[in-house]
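I opened my notebook to look through a structure that was new to me.

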Amino acid sequence: MLRPALRRQRGRLAAGVTLLCLHQATEALVPVAIGVVIDRAVATSDTGALLLSLAALALLFTVLALAWRFGARFSYAAKEHEAHLARVRLAERALDPRGQRSGLRDGELLSVAASDADKSAGAIRTAGLAAAACSALLVSAVSLIMVDLALGLGVLVGVPLVLMGLQRLAPLLTRRSEAQQASLAETSALAVDLVAGLRVLRGIGAQHHAAGRFAAASHDALSATLRAATTKGLHLGLTSAVNGLLLAAVTGAAGWLALNGRITVGELVAVVGLAQFIAEPVQVLGWCVQSLATARASARRVAKVLQAAPAVRPGTESAAPPACERVVLTGLRYGTLNGLSLRIPAGETVGIVAYDPRDAEALLAVLAGTVSREDYQGSVRIDEAPAESLRLAELRRVVLVEQHDVALFEGTLRDNLAAGGADDDDTLLAAIRVAAAEDVLHHRGLDQVLVERGANLSGGQRQRVALARAVAAAPPVLVLHDPTTAVDPVTEALIAERLTAARRARPQATVVVTSSPALLRAADRVLVLKDGRICAEGTHDDLVAAEPSYREAVLR
Amino acid sequence: MTRILLPTATPRQTWAAIRAEFARLPGLSAAAAALLMAASAAGLVAPWVLGLLVDDVITGAGAGRVAYWATVIAGAALVGGALTTAATAVAARLGETVLARLRERVLDRALHLPSATLERTGTGDLVSRTGDDATVVASAITGSGPLVVGAALSVVLTAGGLFALDWRLGLAGLVAAPGYVFALRWYLPRSAPYYMKKRIASGERTQALAGALRGAATARAYRIEETHVAHVAASSATTRDLTLEVFQVYTRFVSRINRAELIGLAAVLITGFLLVRGQMATVGAATAAALYFHRLFNPIGMLLLEADTVLQAGASLARLVGVASLPAAPVAAGADPGVTGDDLEVVVTEHHYDDGPVVLADITLRLAAGSRVALVGASGAGKSTLAGLAAGIVAPTDGTVRLGGVPLDELGEVRTRQRIALISQEVHVFAGPLRDDLRLARPDASDDELRGALDLVGATGWFRALPGGLDTHVGEGGHRLTAAQAQQLALARLVLADPEVAVLDEATAEAGSSGARDLERAADAATAGRTTLIVAHRLTQAASADRVLVLDQGRVVEEGSPDDLLRAGGRYSELWAAWNG
């Protein structure tokens, strides 16, 4: 994952890393410069030297500021561009017409696309920071050794050793702070969950109990936080004490050298300043190691999605000219389906009652073209051509499956209804009428704005808008799954009548998988699925009269 | 219905609320302040000593002095370390205790929001305050809080140290202050709108992603995958570009900070130079001053860079304090006004929301104790509104609801909720063990009582199949219950809450025919012996009622026993015919 990203961003990265290295080098030189000014100007009271050294200091700060400004921009841009690229590729993969076998659920995919894409791209920036920290260490090392070899080596070995020693405390620190974060997250989740269910709590007068439960959770979180804060305080105190002791040692040694005239006062200042400064790049390097580990875990999750195999391997053929029987299933075995055969002729409305909901799910999955050929036995023919030989777009142009679990999209009502390609308002309004969804038009007509998932509509409205969308698409074969479960009886009867009339007029085939008597009565033919195959067939009224199990399943 | 927002505290109110919380812990507050100051002061020893050492080197003192000064620095380091440990622990105890009290009060107020207010605000704003805002404030107090306080103290004390060296060196250090102020005043107004835009854009990006991923099956069915990918790409690109733009502003801010650093450092060095030349200060003092100023770079930078976080936390805090300052939970005030029975009477002359159209008119609904009445009508006929009125969640614009002869507004919200339960269409399974969910209705219920309630509503079948029984984690992130199971759970809570009156407005339709029949049986069992008003989403629910009211456009068009209405051949019998297909 990281290597191609580094290659793609090499221009930005090269510029960014160079400039950030320069920045770190100039940061390291600031204490050295202070020492030089003290030595050459302050101690000597030489005005010329003061002006010269101030000019040099100004130059140093200018380089420092500009190097960071542009270096940070380049490396940040490299990271952001890479994250964007990863996000778009993830979306492409998640929406691939062929589906994908990453095995991740929607929520997990979303978190990969939203957060892992960013974190894995963060590795690029981390790499740049690590390089810059190394250059800061190098400059400090050279400066220190130029002052005094023994002192320089002492600082260069001592500081990292001490920091690594402190690092040994890190696991305890991480454990405590993870426990604290987990307990805080739990508290926050509990608060959100209780408030989200507030109407339910109020309905049974349970708000007081809920508040008590939250207070208890909040207390637990407080104890965890305090435990973590004590550990953190210990770590901070230890770090500050150890750094201070190190400083005392360096000051003692450098002071002794200065007293003996082996180094100047300015060099003393520079050595002390550098000894404090190099803690920073050493810590940055430690952080980089951790952050690269996180990035690698994220990159693995991103790669898992990007490299997931497609769920189906579609064919390459275009659809044949329309046949009399648009869909023919023969001896279909898939999931709970056990040798199902059925024919859907053009112009007919077929009702399907599945005693076992799994039969319905399996049938819909096959009709939607989301099942790989290897995974089912028997044959599926669309206009007499084997389904697996067709391009997916062709298959789905002929057979449209509108799921029971309605998914509407953010945008206007018009955008949503036009998903199937119809774009003139008359067609869309006619479809709205078929779905008896005129109430959705009330405020702003087709310009009515739907928020994500159509959350600003009622459940019944969402169902009817989805139905209208399917009707507007006018596919040769429309497959609906329980399209009216959230619709009141009067409206349901209206829909049953208008839907069959509209589809019959074309003439187009319609399959309705449902247990609603109103829709089943309107169908030309009803098939009853039991144990994975058809056990009875006839009109709704015939079946009601002849089949007790059918009556039990569909009558209310 | 117009949405109104919950109150947000003004900065003055927010400060007052925070100060009051600190004042409740006077000992801890004083200890934290003293320890933080002492810890920062210990950090000033080393540069000061270094200045003295420089003077000793120049005057050529003996090696003993070096050892002495090194020992002083080491001693200060040990004391400073101990003080830092204590200060961090004490300050955390103070800050975190205040935070915990605040979040508990916020949730308490949120949960006890009066019904009328809740119906107007909705739960969205409350959820974002108790969730997002509380998280922002918590992470600011826990994460940035100690750093910001520590940095602020070390800035103040270091500046003090400069003045202690020589007041002229102190003034020289102050020359940098306008530069820092300028940098911040340049940055904040420029970045704020960017951050706002960026938040909106990244919200849109998340929505585009979420919409596309959740609707992937539909996008494939309609062959509009590319449109959605393009939408994601466009919103992701917008966010990326805004992020880069705001980062550019940020880098220019940092350059301005660097400039202020240079000005201050140069001023200190020049002043030191002049003082040393005029023999008003030693080289050591000038050195210590320069080192002091160099030490300021990090804490000042940290303060400026955390300014955004602090401002954001302030805004979130204001929203939290706004909720926390709502009136406390109502208690059952005064004497019980003497409810004389379990009969419910709803008289509505007229009801509408705000200035909206009339949704209910001329309704008189009497439920004898223990009887069952069903409301029937098309969507939008006013069934759910009438149920809300009967349950006392909404007060009628013009009319009265009486329980056992006592008007609900005299009975008060707490007593009303204890006596009248409402199960609405909103289904929620509380995240956590199933036992905890059920015990919300009755905290002292034994496991046997919980199992009994589940058994009564016919949930035993799926309950036995749960991996951990009552310990099974259900709801968000746990074992997923089906819609029908969640409804049964709601009925089991009703059984445990054991109210005299039950108002049921649950949608059972999603469960399919046989599932719906099970739920109807469960509702019958859960409400047996209670005065029950049921909104019949399925007409079979009406068939088993004692009496049926048919509503149309907010008015009662038919009323009677189900059998009578069926025979009468009016609206109800028409609906019945349509329903049975």
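**Domains of chain A.** I noted that this is a predicted model. The domain assignment of chain A gives domain 1 (1-148 + 280-311) and domain 2 (149-262). It also gives domain 3 (318-402 + 475-556) and domain 4 (408-474). I looked up the distance between the centres of domain 1 and domain 4 of chain A, taken over C-alpha atoms, and found 48 Å.

**A sheet in chain A.** I followed an open sheet of 6 strands with mixed pairing. Its order in chain A reads 6-9-10-3-11-12. Which strands sit at the edges? They are strand 6 (399-402) and strand 12 (533-538) of chain A, each pairing on one side only. Neighbouring strands of this sheet are turned by 20° against each other on average, direction ignored.

**Strands 6 and 9.** I then checked how strand 6 of chain A meets strand 9 (residues 477-481) of chain A. The two run parallel, joined by 4 bridges. A:Leu400 stands opposite A:Leu478 in strand 9 of chain A.

**Helices on the sheet.** Helix 15 (residues 459-473) of chain A packs on the sheet and touches strand 6 and strand 9 of chain A. Its direction makes about 175° with that of strand 6 of chain A. Helix 11 (residues 357-367) of chain A lies across strands including strand 3 (349-354), strand 10 (509-513) and strand 11 (525-530) of chain A. Helix 11 of chain A runs at about 150° to strand 9 of chain A.

I turned to the UniProt record, an unreviewed entry, which places "domain: ABC transmembrane type-1" at residues 30-312 of chain B. Over residues 30-312, chain B is 92% helix and 0% strand. The end C-alpha atoms of residues 30-312 of chain B are 27 Å apart.

Note on methods: Residues numbered from 1 in each chain as written. Chains lettered and ligands numbered in written order. Predicted model: local features only at pLDDT ≥ 70, side-chain atom pairs only at ≥ 80, totals over all residues. Heavy atoms only, no water. Pairing = 2+ DSSP bridges. Axes fitted to C-alpha atoms, helices over the stretch in contact; angles between N-to-C directions. Contact = heavy atoms within 4.5 Å. UniProt positions renumbered as here; feature names shortened; annotations may be inferred. Domains from an automatic or database assignment.
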